[in-house]
Amino acid sequence: GASLASTGQAGPVRLWDTAAGEAIAVLSGHQGWVWACAFAPEGARLASAGSDGTVRLWDTATGEVLAVLAGHQGCVWACTFVPGGARLASAGQDGAVRLWDTATGEVLAVLSGHQGAVLACAAAPGGARLASAGQDGAVRLWDTATGTAIAVLPGHPRRVWACAFTPDGTRLASAGSDGAVRLWDTATGKAIAVLSGHQGWVLACAFAPGGARLASAGSDGTVRLWDTATGKAIAVLSG
């Protein structure tokens, strides 16, 4: 896309023009750290999640706040739009995932089950499923229509910091404090592969558009590229 959003300790969310490398807008409103941000599918709105316990919706053209979604007790660690943009999911320190109506700001469902903070959430293509990951080491799959749990994927022994679906939704990746990235079959809930190589926590992961490659970022200062078919490392990017 032409725009990029960044978050940080100081509080504001910054919008950048990726072609020019210049700041477009500074979105101020959060009190404290801003941990995550996500663009709506149409790009006209941005969501941000903060340590002040709120999720804020912004107009990316004007920089104005559209809504303040308050409901979590404690820090909100992650947020993601459900495909279509009418719903938003947020993950909280209070152990809950909340589904919001982005037009009205109302809570549609509270997804409870994690034992401890929920650190990440990701919506599957099509929007029928949502994944969440947390301090308890579990990855959970949810039905977004009913708010009910579909499966619990207990593979990581410690915190899971991030999760991501493949573009076709058939696989899920999770990144953990155990230094591993795990690949899951979303239909069966079975583990497909364990990608080991990071020396320390794995804090983020993302699939390439075709799903054949996965990138992971760790506290060891490296980004690793993986072949998702073989589970083998393709490259280690450091520096």
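Helices (H or I, at least four residues) and strands (E, at least two) are DSSP runs, numbered from the N terminus. By this scheme, His72 lies in the loop between strand 7 (65-70) and strand 8. The structure is a predicted model, in which local features need pLDDT of at least 70, side-chain atom pairs count only at pLDDT 80 or more, and totals for chains, interfaces and linings use all residues. Residues are numbered from 1 along each chain as its sequence is written, and side-chain values use heavy atoms, with hydrogens and water left out.

His72 has a relative accessible area of 7% and is therefore buried (buried means under 20% relative accessible area, exposed over 50%, partly exposed in between; 1.4 Å probe, protein chains only). With the side chain of Ser90, His72 makes a polar contact of 2.7 Å. With the side chain of Asp94, the polar contact of His72 is 3.2 Å. A polar contact is a pair of N or O atoms within 3.5 Å; within protein, one must be able to donate a hydrogen and the other to accept it, and residues adjacent in sequence count only if both atoms are side-chain atoms. Beyond residues up to four places away in sequence, His72 touches Gly53, Ser90, Ala91, Gly92, Asp94, Ala96, Arg98 and Trp100. Contact here means heavy atoms within 4.5 Å.

Gly92, one of these partners of His72, lies in strand 9 (residues 87-92). Gly92 is buried, because its relative accessible area is 0%. Neighbours within four places in sequence aside, Gly92 is in contact with His72, Cys75, Val76, Trp77, Ala117 and Val118. The C-alpha atoms of Gly92 and Ala117 are 6.0 Å apart, although 25 residues separate the two along the chain.

Aromatic residues were examined next. A search of the whole structure finds three aromatic pairs. In one of them, the ring centres of Trp33 and Trp35 are 4.8 Å apart with planes at 20°, so the pair is stacked. Rings of Phe, Tyr and Trp (its six-membered ring) pair if their centres lie within 6.5 Å; planes under 30 degrees apart count as stacked, over 60 as edge-to-face and the rest as tilted. Trp35 also pairs with Trp77, in a tilted arrangement with 4.8 Å centre to centre and 45° between the planes. This second pair links distant parts of the chain: Trp35 sits in strand 4 and Trp77 in strand 8, 42 residues apart. Trp33, Trp35 and Trp77 form one aromatic cluster. Trp33 is partly exposed at 35% relative accessibility. Trp35 is partly exposed too, at 36%.

The largest pocket has a volume of about 840 Å³. The elements that give two or more residues to its lining are strand 4 (34-39), strand 8 (76-82), strand 12 (118-123), strand 16 (160-165) and strand 20 (202-207). The lining holds 30 residues, of which Cys37, Cys79, Cys121, Cys163 and Cys205 lie nearest the centre. By class, 29 lining residues are nonpolar, one is polar and none is charged. Ala, Val, Leu, Ile, Met, Phe, Trp, Tyr, Cys and Pro count as nonpolar, Asp, Glu, Lys and Arg as charged, and the others, Gly among them, as polar. On a 1 Å grid over the protein atoms alone, a pocket is an open set of points where a 1.4 Å probe fits, with protein on both sides within 12 Å along at least five of seven lines; lining residues have an atom within 4 Å of a point. Grid points are joined across faces, edges and corners, and a volume is the space filled by probe spheres set on the points.

Thr144 is placed in the loop between strand 14 (138-143) and strand 15 (149-154). Thr144 is buried, at 7% relative accessible area. Its side chain reaches the backbone oxygen of Gly127 at 2.5 Å. Among the residues that Thr144 touches, apart from those up to four places away in sequence, are Arg87, Leu99, Ala128 and Arg129.

Strand 15 itself contains Val152. Val152 is partly exposed, with a relative accessible area of 40%. Excluding neighbours within four places in sequence, Val152 is in contact with Ala138, Val139 and Arg140. Ala151 is likewise in strand 15. Residues up to four places away aside, Ala151 touches Val139, Arg140 and Leu141.
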